[in-house]
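Here is a set of questions and answers for a reader who is meeting this structure for the first time. Please keep the sequence and the 3D view at hand while reading.

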Amino acid sequence: MKINIKKLTETAKIPTRQHKGDAGYDLYADIQEPVTIEPHTTKFIKTGVAIEIPDGYFGAIFARSGLATDYGLRPANCVGVCDSNYRGEYKVALHNDSAIARIVYPKDRIAQLIVMPYLNVEFNEVDELSDTERGDGGFGSTGR
């Protein structure tokens with residue numbers, strides 16, 4: 001699948017995969033100077049790109065494993081959803097879960113983008129739902 005992407009600045013970097021089989025494409029910080037993210041705060045980091053996701057798909061922005069586990073930096077909303085009709089710049093609200101200030105440098109890989117399909121559904125309001133073995137058992141209802 002080919003997806004149209006537009007660089008909004010001269011310094012923007014097109015998302016890349018590190019290995020052929022990777023699902024995620026790294027998003028890069030398109031910033032001119034390092035940005036400090038204080039403990040337990042969030043800063044928007046620009047990527048400098050706008051992406052034309054096809055109808056029936058969305059761009060999911062996930063944390064990069066190493067950045068989250070080693071440095072405590074992750075998208076503030078945990079998973080960002082970029083709809084197919086959005087044409088603006090992709091920005092990552094990067095949150096610092098650690099107890100120390102973290103610095104994001106220009107061209108750092110800050111998150112990963114995975115293009116995913118979704119189902120277009122209609123909700124049908126009813127008085128009763130079909131019964132299942134589980135029923136309405138919620139959190140912890142199936143044991144350890």
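Contact, as the word is used below, means that heavy atoms lie within 4.5 Å. The model discussed here is a predicted one.

Q: In what order do the elements of the protein run from the N terminus on?
A: The protein is made up of one helix and 10 strands. Read from the N terminus on, the order of these elements is β-β-β-β-β-α-β-β-β-β-β.

Q: What is the radius of gyration of the protein, and why does the protein count as more spread out than a compact globule?
A: The C-alpha trace spans about 55 × 40 × 30 Å along its principal axes. For 144 residues the globule rule gives 15 Å, and the protein is well over that value, so it is more spread out than a compact globule, with a radius of gyration of 19 Å.

Q: What share of the residues of the protein count as buried?
A: A residue counts as buried when its relative accessible area is under 20%. The accessible surface of the protein comes to about 10100 Å², and carbon and sulfur atoms hold 51% of that surface. Of the 144 residues, the share that count as buried is 31%.

Q: How many Å apart do the centres of the positive and negative side chains lie?
A: The protein carries 17 positive side chains and 20 negative ones.

Q: Which residue in β10 is the bridge partner of L27?
A: Strand β2, which covers residues 25–28, pairs with strand β10, residues 109–117, in the antiparallel sense and over four bridges. Within β10, the bridge partner of L27 is A111.

Q: Which residue in β10 stands opposite A60?
A: Strand β5, residues 57–62, runs antiparallel to β10 and is joined to it by six bridges. Along β10, V115 stands opposite G59, while the residue opposite A60 is I114.

Q: Which residue in β7 is the bridge partner of G59?
A: Besides its bridges to β10, strand β5 is joined by three bridges to strand β7, residues 80–82, and these two strands run antiparallel. G59, which stands opposite V115 in β10, has as its bridge partner in β7 the residue C82.

Q: Is L113 buried or exposed?
A: L113 has its place in strand β10, and its contacts beyond the neighbours within four places in sequence are A23, G24, Y25, L27, I51, G59, A60, I61 and Y90. Although L113 and Y25 are 88 residues apart along the chain, their C-alpha atoms are separated by 5.0 Å. The relative accessibility of L113 is 5%, which is under the 20% cut-off, and therefore L113 counts as buried.

Q: What share of the contacts with a separation of 6 or more comes from residues 24 or more positions apart?
A: One residue with such partners is L113, whose contacts include A23 and Y25. For the protein taken as a whole, among contacts with a separation of 6 or more, residues 24 or more positions apart account for 71%.

Q: What is the relative accessible area of C78?
A: C78 lies in the loop between β6 and β7, and its phi is near 70°, which is a positive value in a residue other than glycine. C78 is partly exposed, and its relative accessible area is 46%.

Q: What is the phi of K107, which is not a glycine?
A: K107 has its place in the loop between β9 (102–104) and β10, and at 38% relative accessibility it counts as partly exposed. Although K107 is not a glycine, its phi is positive, at about 75°.

Q: Is L129 buried or exposed?
A: L129 has its place in the segment after β10, and its C-alpha atom is separated from that of G88, 41 residues away along the chain, by 40 Å. The relative accessibility of L129 is 75%, which is over the 50% cut-off, and so L129 counts as exposed.

Notes. Residues are numbered from 1 along each chain as its sequence is written. This is a predicted model: local features need pLDDT of at least 70, side-chain atom pairs count only at pLDDT 80 or more; totals for chains, interfaces and linings use all residues. Side-chain values use heavy atoms; hydrogens and water are left out. The radius of gyration is taken over C-alpha atoms; the globule rule is 2.2 Å times the number of residues to the power 0.38. Buried means under 20% relative accessible area, exposed over 50%, partly exposed in between (1.4 Å probe, protein chains only). Accessible areas come from the Shrake-Rupley method with a 1.4 Å probe; for residues, only the protein chains shown count as cover. Lys and Arg count as positive and Asp and Glu as negative; His and the chain ends are not counted. The place of a charge is taken as NZ of Lys, CZ of Arg, CG of Asp or CD of Glu. Two strands pair if DSSP finds at least two bridges between them.
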